[in-house]
Amino acid sequence: MSNGYQHILGIQRLACFGGVVFAVVIMFQYFEFPYGDVISSLFSATKIHITNTRSYPHENSSLLLQISGDMNMTGASDVLVKGIMNTYKGHDDDMIDIIKHNRSETKKELDDSIDLNRNATSLSVQLSNVSSVIEVPRKKQKRKVVAISEMHDILVHNRASSHSMKPHWSSRVDQELLEAKVQIENAQFNEENHDLYPLVFRNISIFTRSYELMEKTLKVYIYKEGEKPIFNNPEAVMKGIYASEGWFMMQMKKSKRFVTRKSKEAHLFYIPYSSKMLKATISPYSYDRQSVVPFLKNYLDMISRRYTFWNRTGGADHFFAACHDWGPEETSQIMGTCIRAICNTDIEKAGFELGKDVSLPETIVRDPQNPLHQLGGKPPSKRSVFAFFAGKMHGSLRPILLQHWENKDPDMKIFRKLPKVKDDKNYVDYMKSSKFCICAKGSEVNSPRVVEAIFYECVPVIISDNFVPPFFEFLDWESFAIFIQEKDIPNLKIILLSITNKRYLQMYQRVKQVQQHFLWHVKPVRYDIFHMILHSIWYNRVLRVNST
């Protein structure tokens, strides 16, 4: 009997031990412990484990997945065509015939993309299986796409609901700004200015009154502090895609009409720094956009200790012009109260605020001694190229553009970067000879091609979701440019063909009419790009003044 009791006791002990082991397994399976993923995989060899890390190799696989991420597997061409009709309706009845003609070609492109999507998914899983844990990449969350019409609604809302901080103590300039605000808001209807074209403006009367008041009233104080080449050194940034920084700084500093040395007269205070030179000087080899923030913070601390200007308004009457891609992130926190004139104007990123911040045109200046060199292009009848793009493969969008249109259609001249020749003659000749110039975003939403297209009198086709175009407060961009959502790249030609010749000629004429507002001159002239940038800054400052 004693032996039987011991036998039963042994069985009980074994059962208890098994229960403890089972409990431990369950705990590692369902609770987050250090190295829990690895231990969990030992007990579930066939389980696909999802982690927060990206699959290997992330660059290739994510790019391939993005190419077809918005396409459905069933009836994809029908769904896309229906969507195009809804999004780009109103151009012409010929759209229906064009879609029928292109339906089979569109379906083939979609099918190719679907196969590519399947291959990319298979490739991602196979290559990521390099350990006992198989990582499945999470689907990239889609960003909200804000249409141009929605941007205008946001602007109107911000105008009504957002104002600058009330100054800590009053000044004569505050009353001058309030008086200007009243006059602008009550501007009388006026279309008699023969130097301007009303059809490219949202409201020519308000613009004209505001511009006249700027010429009559505005005074700007420029900080002298700051070491070169980051501060007060426009000569360092007079060429290339960030030239707007240098040209604006140079012409602002030389302006006898607007600049004052008497701080008490100033309606605005200019911080003359270059975001390009800041990056090149402080963090030339870094990709960390926050690495330059301490430098800017030290500068602001210095001027706020030395002067009372910043402290009076909390920076609301300060502004700067930054065209480098890093501009929005490096200034969003410490300089977020300023009026930020920036090129990288993504309405969904880096705190860009319509109604306060300004979209700075990104311009390429090839010859600083003659910035108008090669201005203009061929008349419509001599523009033999239907649509043109050429550029480096920056960002994720351009490879998609090339995947769909490079060497696919004789009407669509879509290239990678063209061979380098003197004065970029190949590129310029294409711009001057094309009806539509594709302005596809690169690493960020902005592209110098937008202003280039206007410079060469080519209708801009902007493919960059959430990009706020320059001088958005006043210019009616849809009267002279075409905006196409990134997801509609496969239907690019369909959309462009839907624009009648009458409509194209109308847009071409308006490109010529708006061109004067995007030109740099060695000596600034009325309504040119320098004055338009300064006016946008002035206008946003005036309308945000708190009247209570």
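**View 1. Phe-248 and its contacts in the predicted model.** Skipping neighbours within four places in sequence, Phe-248 is in contact with Tyr-270, Phe-319, Ala-321, Trp-520, Phe-530, Ile-533, Leu-534 and Ile-537; contact here means heavy atoms within 4.5 Å. This is a predicted model, where local features need pLDDT of at least 70 and side-chain atom pairs count only at pLDDT 80 or more, while totals for chains, interfaces and linings use all residues. Residues are numbered from 1 along each chain as its sequence is written, and side-chain values use heavy atoms, with hydrogens and water left out.

Phe-248 also belongs to the largest nonpolar core, which has 137 residues; Phe-248, Ile-438 and Leu-496 touch the most other members. Such a core is a set of buried Ala, Val, Leu, Ile, Met, Phe, Trp, Tyr and Cys residues joined through side-chain atoms within 4.5 Å. Buried means under 20% relative accessible area, exposed over 50%, and partly exposed in between (1.4 Å probe, protein chains only). Helix H19 (residues 529-543) gives the most to this core, with ten residues. Helices (H or I, at least four residues) and strands (E, at least two) are DSSP runs, numbered from the N terminus.

**View 2. Where helix H8 meets H19.** The axes of helix H8 (residues 204-217) and H19 come within 10 Å and cross at roughly 95°. That makes H8 roughly perpendicular to H19, a label for angles of 65 to 115 degrees; under 35 counts as roughly parallel, over 145 as roughly antiparallel, and the rest as oblique. Axes are lines fitted to C-alpha atoms, for helices over the stretch in contact, and angles run from 0 to 180 degrees between N-to-C directions. On the H8 side, look for Ile-206, Phe-207, Ser-210, Tyr-211, Leu-213, Met-214 and Thr-217; they meet His-531, Met-532, Leu-534, His-535, Trp-538 and Tyr-539 in H19.

**View 3. The sheet from E1 to E5.** Five strands make up this open sheet, in the order E1-E2-E3-E4-E5, and the pairing is parallel. Two strands pair if DSSP finds at least two bridges between them. Strand E1 (220-222) and E5 sit at the edges with a single partner strand each, so one side of each is left without a neighbour in the sheet. Helix H9 (residues 243-254) packs on the sheet, touching E1, strand E2 (268-270) and E3, and its direction makes about 140° with that of E3. Strand E3 (residues 318-322) is joined to E4 by four bridges, the two running parallel; Phe-320 has Arg-340 in E4 as its bridge partner.

**View 4. Gly-351 in its loop.** You'll find Gly-351 in the loop between strand E4 (339-342) and strand E5 (358-359). Gly-351 is exposed, with a relative accessible area of 59%. Not counting residues up to four places away in sequence, Gly-351 touches Arg-340 and Asp-357. Its C-alpha atom is separated by 8.6 Å from that of Gln-333, 18 residues apart along the chain.

**View 5. The sheet from E7 to E10.** Here the order is E7-E6-E8-E9-E10, an open sheet of five strands with parallel pairing. Strand E7 (412-415) and strand E10 (482-483) stand at the edges, each with a single partner strand, so one side of each has no neighbour in the sheet. Strand E6 (residues 385-390) runs parallel to E7, joined by four bridges, and Phe-388 stands opposite Lys-413 in E7. In a regular strand the side chains alternate between the two faces of the sheet. E7 has a covered face, Met-412 and Ile-414, and an uncovered one, Lys-413 and Phe-415.
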